[in-house]
Amino acid sequence: MDSTSVGFIGGGRIVRIILTGWEKAGSMPERVIVSDPNPAALAALKERFPAIEVAGDDNARPASADIVVLGLHPPAVGAVLPAIAPALRSEALLVSLAPKWKIAGIAGGLGGRRAIVRMIPNAPATVGSGYNPVAFSDGVTPEQRRQFERVFGTLGEMPEVAEEKLEAYAVLTAMGPTYFWFQWYELLDLARSFGLTDAEAKEGLAAMVEGALRTMKSPDLTPDAVIDLVPVRPIAAGEEAIREIYRTNLTGLYRKLAE
């Protein structure tokens, strides 16, 4: 158990994902404090993780922790920053999980605070397999980096990237599973209807997806060569419609996040 205290401002889905990942890894921080204006959300979180402290809508309590995590949607960040600034300790590290809000804007909302990390987490962090890109402000010290990596590293990979690329990662990696999970569950249902057991279907699907992705990463194969490896494409007639859904919806989403 890590002795670092972690305060979450916001107690929604992403906080549950992070806490579950820590729990599975046996790396839950010694003290976790969560605030949220929704009593039902906090009650559900407390029931699931009895050891955490819940602070109601008192953001000052989690803001006094060693690491303070903003688990908020972008529209809520602006009002919270100046409100928590007086409670933040000078040596504390602030971690923002929100897209759109740049480090400079966060620092400005805190009155010039510089020890800031932005991270774009994704749902597989719940089983320790996250891909969670990060960007650090210039004010983050080497010791704070080590502290951050120690606390969050059990959730999965944390590549350091240029801050201006975080919104692209939000569309690709944070939201990416939603583009496929419903299709994979449909494939599982069909496989079971064709006679495979649940275990056989899941093992086959996982092996197929992992192998397909490794094939795409091969430097010896172009995209056309990869696609041409399988002669039968049962849903080829719908591929262009699917591509258009991606182009229209995801391009629009990225532009909203990046503006």
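Colleague: Which residue in β6 does Leu94 stand opposite?
Modeller: This is a predicted model, in which local features need pLDDT of at least 70, side-chain atom pairs count only at pLDDT 80 or more, and totals for chains, interfaces and linings use all residues. Residues are numbered from 1 along each chain as its sequence is written, and side-chain values use heavy atoms, with hydrogens and water left out. Strand β5 (residues 93–96) runs parallel to β6, and three bridges join them; strands (E, at least two residues) and helices (H or I, at least four) are DSSP runs numbered from the N terminus, and two strands pair if DSSP finds at least two bridges between them. In β6, the residue opposite Leu94 is Ile116.

Colleague: Through which helix does the chain cross from β5 to β6?
Modeller: This β-α-β crossover is right-handed; with the strands pointing away from the viewer, the path from the first strand over the helix to the second runs clockwise. The chain leaves β5 and reaches β6 by way of residues 103–109, which form helix α5.

Colleague: Over how many bridges do β4 and β5 pair?
Modeller: Strand β4 (residues 67–70) and β5 belong, with helix α4 (residues 74–84), to a right-handed β-α-β unit. Val68 stands opposite Leu94 in β5. The two strands pair in the parallel sense, and the number of bridges is four.

Colleague: Are the residues on both faces of β5 buried or exposed?
Modeller: Leu93 and Val95 lie on one side of β5, while Leu94 and Ser96 lie on the other. Relative accessible area decides the matter: under 20% is buried, over 50% exposed, and in between partly exposed (1.4 Å probe, protein chains only). Both faces of β5 are covered, and all four of these residues are buried.

Colleague: Which residue in β8 does Val117 stand opposite?
Modeller: In strand β6 (residues 116–119), Val117 and Met119 point one way and Ile116 and Arg118 the other, and all are buried. Val117 is the bridge partner of Val95. β6 also pairs with β8 in the antiparallel sense over three bridges, and there Val117 stands opposite Phe136.

Colleague: How many aromatic pairs does the count come to?
Modeller: Rings of Phe, Tyr and Trp (its six-membered ring) pair if their centres lie within 6.5 Å; planes under 30 degrees apart count as stacked, over 60 as edge-to-face and the rest as tilted. The rings of Tyr131 and Tyr169 form a tilted pair, at 6.3 Å centre to centre and 40° between the planes. Tyr131 is in strand β7 (residues 130–131) and Tyr169 in helix α7 (residues 166–174), so this pair ties together parts that are 38 residues apart in sequence. By the rule, the number of aromatic pairs is eight.

Colleague: Why is the pair of Phe136 and Phe148 called edge-to-face?
Modeller: The ring centres of Phe136 and Phe148 are 5.7 Å apart. Phe136 belongs to strand β8 (residues 134–136) and Phe148 to helix α6 (residues 142–152), so the pair ties together parts 12 residues apart in sequence. Phe136 is buried at a relative accessible area of 12%, and Phe148 is buried at 0%. The pair is edge-to-face because its planes stand at 90°.

Colleague: At what distance from the ring centre of Phe136 does Arg145 lie?
Modeller: Phe136 forms one aromatic cluster with Phe8, Trp22, Phe148 and Phe152. A charge sits over a ring if NZ of Lys or CZ of Arg is within 6 Å of the ring centre and within 35 degrees of the ring normal. Arg145 lies over the face of Phe136, and its distance from the ring centre is 4.1 Å.

Colleague: What distance does helix α1 reach from its first C-alpha to its last?
Modeller: Helix α1 (residues 13–25) has 13 residues. Its buried residues, including Ile18 and Trp22, pack against β1 (5–9), β2 (31–35), α2 (39–48) and α6, where contact means heavy atoms within 4.5 Å.

Colleague: What separation do the C-alpha atoms of Gly111 and Pro86 have?
Modeller: Gly111 lies in the loop between α5 and β6 and is exposed, with a relative accessible area of 72%. Gly111 and Pro86 are 25 residues apart along the chain, and their C-alpha atoms are separated by 9.6 Å.

Notes. Expected span 1.5 Å × (residues − 1).
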